[in-house]
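Open the model in a viewer and keep the selection tool at hand. The stops below are meant to be taken in order.

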2 protein chains.
Amino acid sequence: MQHKATSEDVVTALLSASRVLVGVAARSLAAVEGDVTVTQFRSLVVLAAHGPMKQGALAGHLGVNASTAQRMVDRLESSDLVARRANPASRREVLLSLTAAGQEVVDRVTESRRRELQTIVRRMPAEQRADVVDALRAFADAAHEPEPVAGTLWGWSLVGD
Amino acid sequence: MQHKATSEDVVTALLSASRVLVGVAARSLAAVEGDVTVTQFRSLVVLAAHGPMKQGALAGHLGVNASTAQRMVDRLESSDLVARRANPASRREVLLSLTAAGQEVVDRVTESRRRELQTIVRRMPAEQRADVVDALRAFADAAHEPEPVAGTLWGWSLVGD
DNA sequence: ATTCACTCGTGCAGTATGCAATAGTTGCAC
DNA sequence: GTGCAACTATTGCATACTGCACGAGTGAAT
């Protein structure tokens, strides 16, 4: 069983594993669910990862239309999760940044996700963990650690970014 | 490096791998994008996997409100991807089933996804593939192959189901 | 016959999404 | 300096997704 793994087998295993990973991500977001939508959360993650940016840049990272970002930021601003401030250098730009509350949402979700994954991992025999790391690393390498998934629908920036 | 994998390492590797998997899924859906929305596609997948069912059942599988399913089916019916037919046994039920066109959409996306994963897997050294299978299987097992992810937001039924 | 549970359908409200058009800002060429 | 082109944010319009609440038809149990 160790020697004859067809790529079909691998693909099947990958699909199976992604079901789990996605379930984890979904639950971790639901866990903090304080009205924060998926897309809204994606925005928060991008801002947390890359720091303050223009609205257009955010739209680019999310792979959505500028107008979509526009109105999402409207709502995030209302919820006090994101702050708009004028760019002193150029009056036509608006700089977005996370508020403390926004940062806190990101932290809570991330924490929840890591905790749940830890729980699963601890159920695995310790000797096998090293194999998982190697295997997944090999997979990710083979995949090229992909282009930033332009225009993604899911923006799994969620899962890391 | 083979002997001391902390669960932190594993979690990190998992997060990294999920980025890849999600990217694949996103692209495979975009590839066929003929107006079909994410949610709509999820519906098609569920129907393809479990066969004809009532609207309420579909809503349950998707983890959405019955009214959401209701109107989504309205649109899928307009697009001729799903057919409503009365259940002869009980006049209060409506049975949903995939049309040929609907089945074809599912097939195309699935095919695209598998093909892309295959491409990645083939880039990996063959000896390592067996490890990946074992590792991912162990992970999925440890995760319990989760409860149908009730109320999922992402419904990665997408990825298999 | 009445009551209760199940199903589907609809109205209402809020969010997300894209395309197109508008308006203010900036830089560059002339 | 005037004017044009590019950049940025914003708004209008149309559609889709989402949940909650309510209504209507159907079926089953008492």
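This is a predicted model: local features need pLDDT of at least 70, side-chain atom pairs count only at pLDDT 80 or more; totals for chains, interfaces and linings use all residues.

**Stop 1: around DNA strand C**

Select DNA strand C and the residues around it. There are 22 of these, and the closest are A:T37, A:V64, A:S67, B:K54 and B:G56. Colour the surface near DNA strand C by class: 11 residues are polar, seven are charged and four are nonpolar.

Which helices supply at least two residues each to this surface? In chain A they are helix 2 (38–50) and helix 4 (66–78), and in chain B helix 3 (55–62) and helix 4 (66–78). Helix 4 of chain A gives the most, with five residues.

**Stop 2: helix 4 of chain A**

Select residues 66–78 of chain A, which make up helix 4. The helix has 13 residues, and the span from its first C-alpha to its last is 18 Å, close to the 18 Å expected at 1.5 Å a residue. Now pick out A:A69, A:M72, A:V73 and A:L76, the buried residues of this helix. Turn the view to look down the axis of helix 4 of chain A: its buried residues fall within an arc of 105 degrees, so they line one face of the helix.

What do these buried residues pack against? Show helix 2, helix 3 (55–62), strand 2 and strand 3 of chain A, which are their packing partners.

Next, select A:S67, A:R71, A:D74 and A:S78. These exposed residues sit on the face of helix 4 of chain A that is turned away from its buried side. A:S67 is also among the residues closest to DNA strand C. After the helix comes A:D80, which has a positive phi, near 65 degrees.

**Stop 3: the sheet of chain A**

Show the strands of chain A. Three of them form an open, antiparallel sheet in the order 1-3-2. Strand 1 (53–54) and strand 2 (82–86) of chain A are at the edges with a single partner strand each, so one side of each has no neighbour in the sheet. Select strand 2 with strand 3 (residues 94–98) of chain A: five bridges join this antiparallel pair. One bridge to find is that of A:V82 with A:L98.

**Stop 4: the sheet of chain B**

In chain B, three strands form an open sheet with antiparallel pairing, in the order 1-3-2. Its edge strands are strand 1 (53–54) and strand 2 (82–86) of chain B. Strand 1 and strand 3 (residues 94–98) of chain B run antiparallel and are joined by two bridges.

Finish on B:K54. This residue stands opposite B:L95 in strand 3 of chain B, and B:K54 is also one of the residues closest to DNA strand C.

Technical notes. Residues are numbered from 1 along each chain as its sequence is written. Chains are lettered from A and ligands numbered from 1 in the order in which they are written. Two strands pair if DSSP finds at least two bridges between them. Helices (H or I, at least four residues) and strands (E, at least two) are DSSP runs, numbered from the N terminus. A residue is near a molecule or strand if its C-beta atom, placed from the backbone, lies within 6 Å of it. Ala, Val, Leu, Ile, Met, Phe, Trp, Tyr, Cys and Pro count as nonpolar, Asp, Glu, Lys and Arg as charged, and the others, Gly among them, as polar. The expected span of a helix is 1.5 Å times one less than its number of residues. A residue is buried if 20 or more other C-beta atoms lie within 10 Å of its own, exposed if 12 or fewer, and partly exposed in between; C-beta atoms are placed from the backbone. The arc is that of the directions from the helix axis to the C-beta atoms. Two residues are in contact if their C-beta atoms, placed from the backbone, lie within 7 Å.
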